[in-house]
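Q: I'm new to this one. Can you walk me through it, pockets and charged side chains both?

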Amino acid sequence: MTQPPHEQITGSSPEELREQVEHTREELGQTVEALAAKADVRARAQEKAAEVKQQAATKAGELKAKAAHTAAQVQEKIPHPVKDMAASAVGQARAKAAQATRLLQEKAPEPVRQKAAQGAQAARDNRTLLLTAAGVAVLMWLACRRRRG
């Protein structure tokens with residue numbers, strides 16, 4: 001701010017003096033607002049947290065899209081016989097699980113049944129992970145089988 005010293009009167013009329021006083025008040029108000037904004041640590045921290053949260057959400061969206069694209073590429077490269085074998089293995093696993101569930105319900109005591117129900121729920125909650133692991137296991141089995149034969 002390049003203001004003349006307060007002792008020096010630059011305006012010759014009362015109207016010019018009022019304008020200078022009003023201009024000085026506006027500058028002082030802006031300065032006070034700027035200082036108050038810098039001093040409000042909580043608001044600055046919240047702004048920064050919102051900014052970081054937005055950046056993380058954007059990055060997560062990008063990574064999710066990239067993972068979906070990669071998964072689609074891998075899915076396209078898997079030969080149909082392997083997909084069929086994986087589907088067959090899933091069907092067999094479901095049948096065995098249903099059979100084991102019936103047997104468990106008939107023979108097991110109540111606490112064991114409760115734990116089994118919790119495990120089944122965990123498997124349903126992580127279905128994608130389990131199916132991916134099963135697919136990888138089938139691919140590994142096929143790779144080992146081809147190397148031997």
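Q: Which element gives the largest share of the lining of the second largest pocket?
A: That is α5, with 7 residues. Keep in mind that this is a predicted model.

Q: How big is that second largest pocket?
A: Its volume is about 420 Å³.

Q: Which residues sit closest to its centre?
A: Q75, I78, L131, T132 and G135. The second largest pocket has 16 lining residues, and these five are the closest to the centre.

Q: Which elements give two or more residues to that lining?
A: α2, α3 and α5 do.

Q: And how do the residues of that lining divide into nonpolar, polar and charged?
A: There are 12 nonpolar residues, 3 polar and 1 charged.

Q: OK, now the largest pocket. What volume does it have?
A: About 660 Å³.

Q: Which elements give two or more residues to its lining?
A: Three helices: α3 (80-107), α4 (110-125) and α5 (127-148). The most comes from α3, with 9 residues.

Q: How many residues line it, and which lie nearest the centre?
A: The lining of the largest pocket has 19 residues. Nearest the centre are A93, A97, A120, A123 and R124.

Q: How does that lining divide by residue type?
A: Into 13 nonpolar, 2 polar and 4 charged residues.

Q: Let's switch to charges. How many salt bridges are there?
A: The structure has 2. In general, side chains of opposite charge can pair when their charged atoms come close.

Q: What does R18 pair with?
A: R18 pairs with E15. Their closest N and O atoms are 3.8 Å apart, which is within the 4 Å cut-off for a salt bridge.

Q: Where do R18 and E15 lie?
A: Both are in helix α1, residues 14-39. They are 3 residues apart, about one turn of the helix.

Q: Is R18 buried or exposed?
A: Exposed, because its relative accessible area is 54% and the cut-off is over 50%.

Q: What about K48?
A: The K48 side chain meets that of E51 in a salt bridge, 3.9 Å from N to O.

Q: Which helix holds K48 and E51?
A: Helix α2, residues 41-77. K48 and E51 are also separated by 3 residues, about one turn of the helix.

Q: How accessible are K48 and E51?
A: K48 is partly exposed, at 48% relative accessibility. E51 is partly exposed too, with a relative accessible area of 40%.

Q: Which side chain of opposite charge is nearest to E27?
A: R25, at 12 Å.

Q: What does the E27 side chain touch, then?
A: The side chain of H23. The two are joined by a polar contact of 2.9 Å.

Terms used: Residues are numbered from 1 along each chain as its sequence is written. This is a predicted model: local features need pLDDT of at least 70, side-chain atom pairs count only at pLDDT 80 or more; totals for chains, interfaces and linings use all residues. Side-chain values use heavy atoms; hydrogens and water are left out. Helices (H or I, at least four residues) and strands (E, at least two) are DSSP runs, numbered from the N terminus. Buried means under 20% relative accessible area, exposed over 50%, partly exposed in between (1.4 Å probe, protein chains only). Lys and Arg count as positive and Asp and Glu as negative; His and the chain ends are not counted. A polar contact is a pair of N or O atoms within 3.5 Å; within protein, one must be able to donate a hydrogen and the other to accept it, and residues adjacent in sequence count only if both atoms are side-chain atoms. On a 1 Å grid over the protein atoms alone, a cavity is a set of points where a 1.4 Å probe fits but cannot get out, and a pocket is an open set with protein on both sides within 12 Å along at least five of seven lines; lining residues have an atom within 4 Å of a point. Grid points are joined across faces, edges and corners, and a volume is the space filled by probe spheres set on the points. Ala, Val, Leu, Ile, Met, Phe, Trp, Tyr, Cys and Pro count as nonpolar, Asp, Glu, Lys and Arg as charged, and the others, Gly among them, as polar.
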